[in-house]
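Reader: I have a model open and want to learn to read it. Can we go feature by feature?

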Amino acid sequence: MQTAQDLASRSEAQAGLSALVRTYAVWIIAAGLLVALPLVFDSGTSLTKMSLMCIMVVFSLSYNMLLGQTGMLSFGHAVYYGLAGFMAIHALRFLGVPGMPVPLPLVPLVGAAMGLACAVVFGWISTRRSGTAFAMISLGLGELVAASALILRSFFGGEEGVSADRSRLLPFAGLDFGAQLQVYYLIAAWTFVCVVAMFAVTQTPFGRIANAVRENPERAEFVGYSTHIVRFISFCLAGTFAGVAGAMAAINFEIMNALSVSGAQSGVVLLMTYIGGVGHFLGPILGAVLITALQISLSDFTGAWMLYFGLLFILVVMYLPGGLAGLIMLHAPVLRAQRFGVLVPSYLLLSGPALLTLAGAAGLIELAHHRLVKAAMDGTAMRLMGVSFDSAAPLPWLLAVLLLVLGLLLARVAFRAVRGAWSEVNAGLRQRS
Amino acid sequence: MLELVVFSTLNGVLYGMLLFMLASGLTLIFSMMGVLNFAHASFYMLGAYFGFELARQFDFWVGLVAAPLIVGTAGALIERFGLRVVHRHGHVAELLFTFGLAFVIEELVQMVWGKLPVDYRVPQQLDFVAFNLFGTTYPAYKVFMLVIAIGMFLCLMLVLTRTRIGLIIQAALTHPQMTAMLGHNVPGVFMLVFGGGSALAALAGAIAGPALVTQPSMAALLGPILFVVVVLGGLGSLAGAFVASLLIGLVQTFAVAVNLSLADLPGMAQLSPAAGTLIGDLWRVTVAQVAPVIPYLLLVLVLILRPTGLMGNRET
C-alpha cells in the first residue's frame, strides 16, 4: 500500500518533470548551445565574435521591446547602451582597487541601473508623443547626448575614450576574467538571463497591453490604460536591458568611446532588429547574430560592405516587412502540415536566378568600388572569386549587367512557380481545417 | 559689439533661410504623405555633389540649374517606385525606407567622391567683397546665397497661394480623399511635391556647397537639425517651419560668436570647481562650444512646454 502510493507520486513527479522539460525545451537547448559553443569554436577571434553577438542580441531584443512590442520607432536607442557602458567602465575603474567588495559579474547591474535612470529621465519627455513625433524626439535626444559626449570630456574621455582593466576586480569563484573564455561565459550567462527576462515580459499582462498600445492606442486609451504610462514603462524596460548590453560591451572591450552613444550605433541596432524581424521574439536574435557575423566576415572581403548592408535593409523594408523571422514563421503551418515538399521544387527553381541576380549585383558593386576607390592607389587590375581582370575594361561590366538583368528576368518567371506552389499549399491547408 | 550683432544677424538669417529651403520641403512632404523623409538631407548633399561635379565638368551655373533638376527627378522616381511600394506596409516602413536610402546615398557618395571634402569653389564672377562694414568684409557669394534663398521663399509662397497647383497641394494637405474625389490626381501631386521638395533641397545644397564644406557627412550633420526645425515649428506647419528655421539659424550663429562660460560671469571667480570633474567641465565650457547642442536643448524645452511645437496644431 505504502509503496504503491510512493510509486504513484514518483511517476507523477516524473511526468511533471518531463512536462517541464518539454515546456522549457527551447530554453534548455539555448542554454546548452551557449555553454557548448566555445567547445567547438575555441579560437580567440571566435570567442570575441560570439561575445559580441551575445551583446548585440541583448541590445536588439531591448530595442524590439520598443519597436516590435510597443510600436515605438526610436532613432536614439544607443544613448542608453552607451551611457550605461560609460558608467560601467567608470565602475570598473572605481572597483579595480584592492578592498572593493564587488566582483565583475555584478557590473552589468550598474549598467542596468544607469540605463534605467537615463530612460526614466529621457523617456518621460519623449513618450508623451507617439509615432513620427516620438521618432524625431528620440533622434534629437540621441544627437543631444552624442554632441554632449564631445564636450564633457571628464566622463566621456574625449576622442580616445575611457579604458579600464576588468581583471583588477575582486576575483569571483576563483576567476579573474582575464581570459576571453571566462568573459564569454560571463556574457553568455547574462545574455541568457536577459533573454529569458525579456521573453517573460512579453508573456505578462503588461506585455499584452503594450501590444494593444502598438495596435490601437485609441482603443487602449478607451479601455482605461494611459498610453503614455504604458509607453513609458516599455521605454524604461528597454533602457534597462540596453544598459545591461552596454555594460557587457564595456566588460568585453575594456574601452568605451563616444561612438557608442552616436547615431550610427542607434542606426545599426535598428537595422539589425528590422532585418531579423520585429514581429517575432526570435527576429532580433536572428538579426543580431546574422548581421554581426556579416559585419565581421564581409568587412574582410570587401570595402563596400556597408553598402550591401544598406541595400539589404532597403530590400527587406520593401519586400519582406516581417524580416527574416517573418519569412521563417510563414512556413511554420506548412511544416506542421508536412506540406513543405510541395514548395521545395519551386524554391530550388528560384534559387538559380536569385544567385545570378546576386552575382550580378555584387559584381557591379565590387567593380564600381574597385574602379572608384581602389584604382587610384593600386591600379585597375582586380581579382574577384579567383578571376583576375581589369576593372576599367568594358567586358567585366557588361558581364555583370548581363548577369543582373538575366537573373532578374528569370527570377520573375521562377517567382510565378513559387506563387503557384504556395497557392497549392494554401488550398491544401484550407481543406484540412 | 555692433559689428558682431550685424554680422551674426546676417549670417544667422542666411543659415536660417538655407534651413528653411530644406525644412519647407520636409514639412510639406510630411503633412501630405505622413512620411518623415530621412533622406531629405541626403538630397541636399547630392545637390552639393552634383553641383560640384557639373561645375568641374562645365560651369558653376550649369550645376546650379542642372543639379536640382537631376535630384528632383531622382526624388520623384524614388517616390514612384520606392515609397509607393512601401506605403502599403505603413508609415514606419516608409520612414525606415527613407532611413535606408539615406544610408545607401551616404555610402555611394563616399564611393564616388571619396571620404574627404571636395574642392567646391565659389565661382569667379562672385568671388569679391560685397561691402565693408566696421572694417570687416562680407563676401558677395553670401549675398548671392541670401538672394537665392529669399527668391526661392517668395516663389514657393506664390506657387502655393496663387497658382492652381498650389491650391490643389493645399487641399491635398488636409483633405487628400476629398481632393481625389474631385478628380485630382493626388498620387501624382504627391510625386510632384516629393520631387519638388528634393529639388529645393538640392538647390540649397548646390548654393551652400561652396560656402560650407562639401563632404560625405554633411547630410548626417544637417539631418537632425532639420528634424529639430520641423518639430520646433510644429509638424506640418509651413509658417512654423519658417519661424523655427530663422530661430535656429540665429541662435546657432550668435552662440558661436559668444566666447563666454559660467566661469566668466561676474562674481563667479572665487567659485571654481576643479578641472577634470563633470562640474568643472560644465563650468568652463563656453557658449560657443555648446552651440551644436543648443537646438536639441530647445527641442526638449519646447516638447516639455508646448508639445505641438510653436505653430503646430496636431499631436502626431
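Reader: Where in chain A is A:Tyr225 placed?

Author: A:Tyr225 sits in the loop between helix H10 (217-223) and H11 of chain A. Helices here are DSSP runs of H or I with at least four residues, strands are E runs of at least two, and both are numbered from the N terminus. Keep in mind that this is a predicted model: local features need pLDDT of at least 70, side-chain atom pairs count only at pLDDT 80 or more, and totals for chains, interfaces and linings use all residues. Residues are numbered from 1 along each chain as its sequence is written, while chains are lettered from A and ligands numbered from 1 in the order in which they are written.

Reader: Which residues does A:Tyr225 contact, beyond its neighbours within four places in sequence?

Author: A contact means that two C-beta atoms, placed from the backbone, lie within 7 Å. With those neighbours set aside, A:Tyr225 touches A:Ile209, A:Ala220 and A:Val230. For scale, A:Ala337 is 112 residues from A:Tyr225 in sequence and 40 Å away in space, C-alpha to C-alpha.

Reader: What is the phi of A:Glu254?

Author: A:Glu254 has a positive phi of about 60 degrees, although A:Glu254 is not a glycine. Its place is the loop between helix H11 (227-253) and strand S2 (255-256) of chain A. A:Glu254 counts as partly exposed because it has 16 C-beta neighbours inside 10 Å.

Reader: How many helices and strands does chain A have?

Author: Chain A has 18 helices and 4 strands. Its C-alpha atoms fill a box of roughly 70 × 70 × 50 Å along the principal axes. Of its 433 residues, 41% are buried. Take the contacts in chain A between residues at least 6 apart in sequence: 80% of them join residues at least 24 apart.

Reader: Which domains is chain A divided into?

Author: Domain bounds come from an automatic or database domain assignment. Chain A divides into domain 1 (25-324) and domain 2 (332-432). The contact between them takes 4 residues from domain 1 of chain A and 4 residues from domain 2 of chain A. Their centres, taken over C-alpha atoms, are 33 Å apart.

Reader: How many residues does each chain give to the contact of chain A and chain B?

Author: Chain A gives 38 residues and chain B gives 42. On the side of chain A, H6(A) supplies the largest share, 13 residues. By class, that side has 25 nonpolar, 9 polar and 4 charged residues. Nonpolar covers Ala, Val, Leu, Ile, Met, Phe, Trp, Tyr, Cys and Pro; charged covers Asp, Glu, Lys and Arg; the others, Gly among them, are polar.

Reader: At what angle do helix H6 and helix H8 of chain B pack?

Author: Two packed helices are described by the angle between their axes and the distance between the axes. Axes are lines fitted to C-alpha atoms, for helices over the stretch in contact, and angles run from 0 to 180 degrees between N-to-C directions. Helix H6 (residues 164-174) of chain B and helix H8 (residues 186-211) of chain B pack at about 105 degrees, with axes 10 Å apart. H6(B) and H8(B) are therefore roughly perpendicular. Under 35 degrees counts as roughly parallel, over 145 as roughly antiparallel, 65 to 115 as roughly perpendicular and the rest as oblique. The contact uses B:Ile168, B:Ile169 and B:Ala172 of H6(B), and B:Val186, B:Val189 and B:Val193 of H8(B).

Technical notes
A residue is buried if 20 or more other C-beta atoms lie within 10 Å of its own, exposed if 12 or fewer, and partly exposed in between; C-beta atoms are placed from the backbone.
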